[in-house]
Amino acid sequence: MALGFLDEDPWLLEHECCEKLYRDIMEQLTLRQSYPRITDKYSQLSANIRLRLKQYNNEVGQLNQKLEAMSNTDNITPAEYERRTRQIELLHSKGIKMQKLFDEQVVNTFEADRKALIGSGTANLDIGPSTSYSVTDIRETQKRIVGEQNEGLENLSKIISRQKNIATTISKEVDYHNEILDDLGDQIDRTDSRLTQETRHVEVVNRKDKTCAYWVIIILLFISIVTVSVI
């Protein structure tokens, strides 16, 4: 039996959520390119994109599992199953594309930082046989090179600081999700406890109802016996 109302199909709603998540990640990837690699904003966007990429892959995987489960029922036609399979393959391709873009941005930004770090320090002293420099010129050149190297070391320090910020951000996100899981576990335990308690109450009520029914039968028998004796 084919689905009569595809617009109300939960699978299609979840598919649309995956598409929306894809668009959000692409927007963040574009936004991240506008920030230098050594900034806190770049680090925050990178950490957030990593988490969203993981969420995207998990949701696409769940979508595929639900489609496989539906294929074992009569709720979907073979043609619709094939169409949705192609949709999932497209989602997988988008996931690979986003991961590749994320990695390429990291490499390209790293190369830019590396060039900024060591590029200025590779300035050559154009000293040839026909060129003469005074001691003062040589000292000024050495001073300039040392200054450029110090600037490069400062850039390196900023890069290391950015990496530390990324690790801190990821740690905070992990702690936050762990707290959510702990709260969810507590709620499940409380729900199980209430269900157990209510089950016991129902059992007690059932026993009382059976006992009451026995007493009614006994009383009716007693009245019948007394009535017969009187007659």
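This is a predicted model: local features need pLDDT of at least 70, side-chain atom pairs count only at pLDDT 80 or more; totals for chains, interfaces and linings use all residues.
## Basis

Local features need pLDDT of at least 70 and side-chain atom pairs count only at pLDDT 80 or more, while totals for chains, interfaces and linings use all residues. Residues are numbered from 1 along each chain as its sequence is written, and side-chain values use heavy atoms, without hydrogens and water.

## Salt bridges

With a salt bridge taken as a side-chain nitrogen of Lys or Arg within 4 Å of a carboxyl oxygen of Asp or Glu, the count is seven. One of them joins Glu-80 to Arg-83 at 2.7 Å, N to O. These two residues are three apart in helix H3 (residues 78-118), about one helical turn; helices are DSSP runs of H or I, at least four residues, numbered from the N terminus. Glu-80 is buried, at 14% relative accessible area, and Arg-83 is partly exposed, at 31% (buried is under 20%, exposed over 50%, partly exposed in between; 1.4 Å probe, protein chains only). A network of salt bridges links Asp-9, Glu-80, Arg-83 and Arg-84.

In helix H1 (residues 10-32), Lys-20 and Asp-24 lie four residues apart and form a salt bridge of 3.3 Å, N to O. Lys-20 is partly exposed at 47%, as is Asp-24 at 21%.

## Largest pocket

The largest pocket has a volume of about 250 Å³, the space filled by probe spheres set on grid points joined across faces, edges and corners. A pocket is an open set of points on a 1 Å grid over the protein atoms alone, where a 1.4 Å probe fits, with protein on both sides within 12 Å along at least five of seven lines; lining residues have an atom within 4 Å of a point. Helix H2 (40-71) and helix H4 (135-230) each give two or more lining residues, and H2 gives the most, with six.
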